[in-house]
Amino acid sequence: MSAQATIVTEEIGHSPLGASSADRWLNCPRSIGLAKELGLTGDAAGPAAEQGTAAHEILERVMQPDSGLEPMDFFGQFVEVGENKYEVDADMVEALNIACNHVWTEMGKVKAEGEAIVFIEESMKHSDHDLMYGTVDVGLVSLLTGRQKVKIKILDYKHGAGVVVEPTSPQIKYYATLIGNRLMNDFVIESFDDIEEVTLTIMQPRIPHADGVIREFTMTGPELWAWYIDECVPGMERTKDPNAILQIGKWCGFCPVAKAKQCPAIGAAIVEVMTAIPPEAQDGETLGRNIEKIKFIAKMLEGYQEAAFKKALAGEKVWGHKLVDQIGNRVWGSSAEAAAIETFGDEAYEKKLKSPAQMEKVEGGKKFVAQHAFKPQKGLTLAPSSDKRKEQKPLMDRLMEQENIDL
Ligand code: SF4
């Protein structure tokens with residue numbers, strides 16, 4: 001293929017009750033019926049989602065058995081998604097390398113253990129639910145010899161750099177359920193009790209994360225079945241109820257109703273926040289809920305700014321705004337280094353100790369960092385309940401506890 005070649009992606013239908021929107025329809029079941037009544041289909045796909053589709057296209061091609069390909073082989077090519085084209089640039093190649101290397105390692109381990117079934121970008125549909133279908137990035141099934149038991153690994157690639165996805169999320173459990181159902185229908189297993197272990201892996205190389213860019217969560221087959229029966233199926237049923245709840249949350253970001261600016265819950269939230277009593281007079285529950293609403297309203301502003309910027313770039317006047325140069329930090333010109341050495345000698349350079357993160361990359365650096373680095377206390381801050389950090393008590397409570405111990 002030449003460097004200018006364009007890869008065209010195939011249009012694959014998205015289920016309204018698909019895995020990628022599971023977080024939304026489980027939390028805001030009315031969003032499905034409302035979108036249908038308004039004639040809105042699919043998720044609110046934007047350029048980021050389309051770039052993700054382009055990256056998945058390359059992942060699929062590289063991962064085909066005996067393809068002999070690496071992400072680098074597609075460098076400089078373009079992938080056509082809908083009406084747009086996305087370049088396979090260095091950033092995409094680097095992210096895909098991380099994911100592909102991990103998949104190859106896991107695939108090697110599974111195959112070394114014995115008989116295995118490998119699914120790559122496999123479209124699957126649940127036999128009991130017409131709308132429960134989707135494409136599994138990578139599914140690895142180890143057949144445990146002589147025991148009629150299996151172990152399943154699901155590896156899900158996320159190209160997005162905006163929203164962190166955790167391996168505990170409903171969307172990856174959804175894919176695991178599809179594989180379990182497929183194995184039952186293929187008579188590989190009799191029930192989810194025969195699944196000894198399910199390892200759910202998110203590979204999200206473009207967002208730094210305290211737990212690493214590749215994160216795993218392990219559960220048993222019966223635990224996966226309990227999620228499917230107790231959460232997923234009732235959640236799907238709720239979406240059929242015209243009186244189901246509309247609930248604002250982080251899942252609104254990809255909702256077609258939000259994109260069409262037709263969500264009554266968001267309209268009500270804007271009015272509620274604008275007419276609320278001052279924050280100082282609100283109780284903790286109201287404050288917390290209002291912060292969530294304001295975050296979402298602020299996110300809508302990003303959409304406005306983006307649209308206004310595009311119009312301005314296209315030459316249209318946007319009231320109260322103008323195009324200006326971005327402010328950048330000063331950088332050295334090509335002649336600076338030689339001139340600085342001539343002028344300042346050794347004074348031109350600054351020698352600094354590497355940061356703990358840089359030092360960890362040096363041989364023996366991890367041990368050194370564990371011994372000599374620490375996280376300085378910087379005081380308390382307020383974070384969402386989903387934040388990974390341990391919950392702390394206010395200073396006053398800690399002092400009181402200390403006082404009681406001392407007494
Ligand atoms: S925008 Fe949010 S609250 Fe409104 S329908 Fe969509 S998910 Fe529900």
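Modeller: Of the contacts in the protein chain with a separation of 6 or more, 63% are between residues 24 or more positions apart. This is a predicted model. The protein chain has 13 helices and 8 strands. Its C-alpha trace spans about 75 × 70 × 60 Å along the principal axes. Of its 407 residues, 35% are buried. The accessible surface of the protein chain is about 26,600 Å². Carbon and sulfur atoms hold 55% of that surface.

Now the helix pairs. Two packed helices are described by the angle between their axes and by the distance between those axes.

Take helix 8 and helix 9. Helix 8 covers residues 264-274, and helix 9 covers residues 284-313. They pack at an angle of about 115°, and their axes are 10 Å apart. Angles of 65 to 115 degrees count as roughly perpendicular, so helix 8 and helix 9 are roughly perpendicular to each other. The crossing of helix 8 past helix 9 is left-handed. Which residues make the contact? Helix 8 brings I266, A269, I270, E272 and V273. Helix 9 brings N290, K293, I294, F296, I297 and M300. By class, this contact of helix 8 with helix 9 has 8 nonpolar residues, 1 polar and 2 charged.

Next, helix 5 and helix 6. Helix 5 runs over residues 170-185, and helix 6 over residues 221-238. Here the packing angle is about 110°, with the axes 10 Å apart. Helix 5 and helix 6 are therefore roughly perpendicular to each other. On the helix 5 side, the contact is made by P170, K173, Y174, A176 and T177. On the helix 6 side, the partners are L224, W227 and Y228. The contact of helix 5 with helix 6 divides into 6 nonpolar residues, 1 polar and 1 charged.

One more spot, on another helix. A357 sits in helix 11, residues 356-359. Is A357 buried, partly exposed or exposed? Its relative accessibility is 47%, so A357 counts as partly exposed. The cut-offs are under 20% for buried and over 50% for exposed. A357 and V369 are 12 residues apart in sequence. In space, A357 and V369 are 8.4 Å apart, C-alpha to C-alpha.

To recap the two pairs: helix 8 and helix 9 are roughly perpendicular, and helix 5 and helix 6 are roughly perpendicular too.

Conventions. Residues are numbered from 1 along each chain as its sequence is written. This is a predicted model: local features need pLDDT of at least 70, side-chain atom pairs count only at pLDDT 80 or more; totals for chains, interfaces and linings use all residues. Side-chain values use heavy atoms; hydrogens and water are left out. Axes are lines fitted to C-alpha atoms, for helices over the stretch in contact, and angles run from 0 to 180 degrees between N-to-C directions. Helices (H or I, at least four residues) and strands (E, at least two) are DSSP runs, numbered from the N terminus. Angles under 35 degrees count as roughly parallel, over 145 as roughly antiparallel, 65 to 115 as roughly perpendicular and the rest as oblique. A crossing is left-handed if the near helix is turned anticlockwise from the far one by less than a right angle, and right-handed if clockwise. Contact means heavy atoms within 4.5 Å. Ala, Val, Leu, Ile, Met, Phe, Trp, Tyr, Cys and Pro count as nonpolar, Asp, Glu, Lys and Arg as charged, and the others, Gly among them, as polar. Buried means under 20% relative accessible area, exposed over 50%, partly exposed in between (1.4 Å probe, protein chains only). Accessible areas come from the Shrake-Rupley method with a 1.4 Å probe; for residues, only the protein chains shown count as cover.
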